[in-house]
Amino acid sequence: MVRSSSCPSEIYLDACATTPPRPEVIQRILEVQESVWGNPSSLHGPGLIAAELLERSRQKIASCLMASSTELVLTSGATESIHLGLLGMARSMQSGRLVISAVEHPAVLAAAQVLKREGWEVCYWPVDPLGRVKLEDLDLMLAPPTRLVSIIWGQSEVGTIQPIKTIGLACRERGIVFHTDATQVLSQGLLHWADLPIDLLSASAHKFQGPKGIGLLLLRPELIDVLQPLQGGGGQEQGLRAGTESVALAAGMAMALEQLKLSRSGCADVELADQVKVQRMRDALRINLQTLPGLHFTGDPINRLPHHISMLVGSGDDQPISGRAVVRELSRLGVATSSGSACMAGQPKNSAVLQAMQIKPEWLQSGLRFSLGSWLDETQLDQIPDLLQQAMIAAASPE
């Protein structure tokens, strides 16, 4: 793991928030920043060199995802991709109903509120206590006037993976445009875009050990001339995303995806691939955590992100403890992780995701999430149960 010399050594368990960039990614960005600094829209030598590298990076990114380079729009990250996909699509069609799951990322919720103010109906697809959308409601959710659906693929707070292919096929049969936020899924293995029943897909590079500040939107070719841009300007990215592209960040994202691909396909023994090792470490850690009193695991135990553990934290007599307090105590012990509860202006707030899963009200601020990566080893993870128990005792003690 790459660390700043000014930061203490930590056991980093917050991959769903961000990931440490791979050394190869850092080196690639530095090389490009130094030598390929031209504006890719310029017609002179430095600009043409930058434009060529940008397109090579675009082709590498698309190739890793089994997509065409013309289906790829580079953005500043998944939040922008989500807004471009949902708002740009909705504004190209007659107002109707947008369906989103009850456990979406705030970026999707924010885009939905914009469309609601613009005259769209917004419907929230209910989930079961494991956080999976209720497929028995599929016909109801996709009935007219539903025109647009957005379902998160892998839920960052509780780790549940949604039945994206089932929903996507049902949308396709009904002529409904389907978007998914694949931000958490992409880090766990490359997808085959050509085979997916998805019209729009969003992701961020920094979730798969790439750079911050760049993401992607994949879209079907027939939507390229339909999607409405969110801003005007120089007409970059096929006219869908104005603004000078970051050649260095695009090269960094391409490198991150290539390394992700190599970690699986370039490994002689698939059992040694990064994703397999991470899942094994996750499973071993989960087993060790089961011995701690006061823990209640959340999310789907089977259909879940392979690097993810989520839980509610409680005291020995099973009284809820603040997840934020446990996160602070773990940080003092050298463990970086996240609470499942959302925050607003620094104040604790009940988790909307846990609420949608029908968790008891007194536990809605007790969420805790561990998300792992290949930078970890078993020796570090062996320490976690004892450190978590210390943190829970400290967080439960009156000040």
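Contact here means heavy atoms within 4.5 Å. The structure is a predicted model, in which local features need pLDDT of at least 70 and side-chain atom pairs count only at pLDDT 80 or more, while totals for chains, interfaces and linings use all residues. Residues are numbered from 1 along each chain as its sequence is written, and side-chain values use heavy atoms, with hydrogens and water left out.

Gln162 is found in the loop between strand 5 (146-150) and helix 6 (164-174); helices (H or I, at least four residues) and strands (E, at least two) are DSSP runs, numbered from the N terminus. Leaving aside residues up to four places away in sequence, Gln162 touches Val103, Gly131, Arg132, Val133, Ile151, Ile152 and Trp153. Gln162 counts as buried because its relative accessibility is 3%, where buried means under 20% relative accessible area, exposed over 50%, and partly exposed in between (1.4 Å probe, protein chains only). A polar atom of the Gln162 side chain lies 3.0 Å from the backbone nitrogen of Val133. A polar contact is a pair of N or O atoms within 3.5 Å; within protein, one must be able to donate a hydrogen and the other to accept it, and residues adjacent in sequence count only if both atoms are side-chain atoms.

Helix 9 (residues 323-332) has seven of its ten residues buried, so it is largely enclosed by the rest of the structure. The buried residues are Gly323, Arg324, Ala325, Val326, Val327, Glu329 and Leu330. At the start of helix 9, a side-chain oxygen of Ser322 comes to within 3.3 Å of the backbone nitrogen of Arg324.

A cavity is a set of points on a 1 Å grid over the protein atoms alone where a 1.4 Å probe fits but cannot get out; a pocket is an open set with protein on both sides within 12 Å along at least five of seven lines, and lining residues have an atom within 4 Å of a point. Grid points are joined across faces, edges and corners, and a volume is the space filled by probe spheres set on the points. Three cavities of 30 Å³ or more were counted.

The largest cavity holds about 190 Å³ of space. Its lining has 17 residues, and Ser187, Gln188, Gln209, Gly373 and Ser374 lie nearest its centre. Helix 8 (residues 274-289) gives the largest share of this lining, three residues. By class the lining has six nonpolar, eight polar and three charged residues, with Ala, Val, Leu, Ile, Met, Phe, Trp, Tyr, Cys and Pro counted as nonpolar, Asp, Glu, Lys and Arg as charged, and the others, Gly among them, as polar.

The second largest cavity has a volume of about 60 Å³. Residues that line this cavity include Arg28, Leu53, Arg56, Lys60, Met255 and Glu258. Helix 2 (45-64) and helix 7 (247-265) each supply at least two residues of the lining, which divides into four nonpolar, one polar and four charged residues.

Cysteines were also checked. With a disulfide taken as a pair of cysteine sulfur atoms within 2.5 Å, the count is zero. The sulfur of Cys171 has its closest cysteine sulfur 13 Å away, in Cys123, too far for a bond. Cys171 counts as buried because its relative accessibility is 0%.
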